[in-house]
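Subject: Structure for you to look over

Dear colleague,

Here is the structure I promised to pass on, and below it I have set out what I found when going through it. Please read the notes with the structure open beside them.

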Amino acid sequence: MGKVAWQAYSLQGSAAGASALTDAAIEDQVETEWFSCPVDRKELKRLFKRSDAPGLRNFGLWFVLLLGSGVTAYFAWGTIWLIPAFALYGVLYSSADQRHHELSHGTAFKSRWINEALYHLCSLMMLREGFFYRWSHSRHHTHTIIVGRDPEIQAPRPPDIWGLLVLDLFQIKSGPILLGRIFHNATGTLTTAGRHFVPETQRANIVWASRLYVGVLVGVALACFSVGSVLPAMFIILPRFYGYPLYQLLNLTQHTGLAEDVRDHRLSTRTIYMNPVLRFLYIDMNYHLEHHMFPMVPFYRLSEVHDLIKDQCPPAYPSLWAALREMVPTMLHQRRNPSWYIVRRPPGADAPQEPIGAGVFAQ
Amino acid sequence: MSESRETGRWVKVCRVDDLGKEDVMRFDCAGKTYAIYRSPDGDYFATDGICTHEHAHLADGLVTGNIIECPMHNGRFDYRTGEAKSPPVCIDLRTHPVKIDVGTVFVSVE
């Protein structure tokens, strides 16, 4: 089994973003496209409101820890202590992964200039060019795990176990793809996927940002050559790879193994309870179902949304381990049977919305 | 609102107090959806109700100052002019004239 995808995961259909609609069908489609748990409008407005203070506290602590671990790692260079020191620095550095995601939604800070400045900084740290990512991620939210429409399906079936659970712990598979995209976009012509979902009027920003990224990559390489050491890259480019294993596992649990082609995030997205350290590093994206259902809610209020809607959702996973324990065997099974998936059953749902294929039931 | 932009008929939307300051509400009329806004200064505005990027109701979004933010992808418009302010929205919203008459909000619809 195996190397042939069971569905066509490459992007198809209208480049306009949403499903093709006639004018007459738009209203129906808007109303029925995605399930959303009913929440009082006043309460939602309160949850939507942004503030700078929680973001500044969270990101301030992150910068302090990053700086402290970086200084420690610098002085540990050349000793055996470099391993734990750089491991810590890499984990903290790669926290930029989900920080850049939150910032891409514009929800982390009330002040847009802070949000945008940090967004592009975190994007650069993760080599995930920000202008391109916004368009890609818009598609992910419109068509979450809809095959052929969502460009960010992390584990197309049958899943590439070696690539996802081994190589990509250090981004050995995905990293070169990201770098290739930067170099490709820097030439002035966007990648095929990019041309699919980025309007022509918005492409210049991506091209120029990609050229800046190339400049930074070349600059870091020159710095390494000039000092005769890989040390500069250990602080700015490589942490995004050697510090990534935790985030690869966290990110995989967001959707992997769950239903495809359903317009109900409760069936395709996990919420997982995590300890405060993981929540800090992952900037509360463990409340991923809530994030998808209400993407305007800032990260620091997602737990409140969870409390409001949890009675209408399948039970949250009690730990990262619990999610992995369900997800990994499902991925292995999908190698043999790509139609296999985990069916999440919301409370009171007599018959869950059934996508194609047979499934297993989550406990 | 400029009178010269009035091309439709005036339709009653709500009482002035039905909409709080810095808020938005949905208004459906003749098969179309509109978004009615009240600015922090208490002025009323109206635009098409569906985001020009993808199919989301702007009335489910967030009003901050003179900006309406789409609930789906956080695209931002100036609801006074309909101007698209930041990606992923690139196409301006259509605006519609609004008037207040004896404590009632009216919007000019096509």
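Predicted model: local features only at pLDDT ≥ 70, side-chain atom pairs only at ≥ 80, totals over all residues.

As for the rest of chain A, its secondary structure comes to 19 helices and 2 strands, and of its 363 residues 40% count as buried. When contacts in chain A between residues at least 6 apart in sequence are considered, 64% of them join residues at least 24 apart. The average pLDDT of chain A is 89, with 87% of the residues scoring at least 70, but I would read residues 15–28 of this chain with care, as the pLDDT stays under 50 there. For that stretch the model has 20 contacts beyond four places in sequence.

Chain B is built from strands, with 0 helices and 11 strands. Where are the edges of its open sheet of 4 strands? The order in that sheet is β2-β3-β4-β9, with antiparallel pairing, and β2 and β9 (95–96) of chain B stand at the edges, each having a single partner strand, so one side of each is left without a neighbour in the sheet.

Within this sheet, strand β2 (residues 23–29) of chain B pairs with strand β3 (residues 32–38) of chain B in the antiparallel sense over 7 bridges, and β3(B) in turn pairs with strand β4 (residues 44–48) of chain B, again in the antiparallel sense, over 5 bridges. One residue to look at here is B:Ile36 in β3(B), which stands opposite B:Met25 and whose bridge partner in β4(B) is B:Ala46. The hairpin of β2(B) and β3(B) has 2 residues between the strands, and B:Ala30 takes a positive phi near 50° in it.

Taken as a whole, chain B has a radius of gyration of 13 Å, which agrees with the value near 13 Å that a compact globule of 110 residues would have, while its C-alpha trace spans about 40 × 25 × 25 Å along the principal axes. Of the 110 residues of chain B, 40% count as buried, and among its contacts between residues at least 6 apart in sequence, 43% join residues at least 24 apart. The mean pLDDT of chain B is 88, and 93% of its residues reach 70 or more. Over residues 1–6 of chain B, however, the pLDDT is below 50, and this stretch has 5 contacts in the model beyond near neighbours in sequence.

Finally, there is the contact between the two chains, which takes 16 residues from chain B and 20 residues from chain A. By class, the side of chain B that touches chain A has 8 nonpolar, 6 polar and 2 charged residues. The model as a whole scores ipTM 0.78 and pTM 0.86.

How values were computed: Residues numbered from 1 in each chain as written. Chains lettered and ligands numbered in written order. Pairing = 2+ DSSP bridges. Contact = placed C-beta atoms within 7 Å. Nonpolar A, V, L, I, M, F, W, Y, C, P; charged D, E, K, R; others polar. pLDDT = per-residue confidence, 0-100. Buried ≥ 20, exposed ≤ 12 C-beta atoms within 10 Å, placed from the backbone. Rg over C-alpha atoms; globule rule 2.2 N^0.38 Å.
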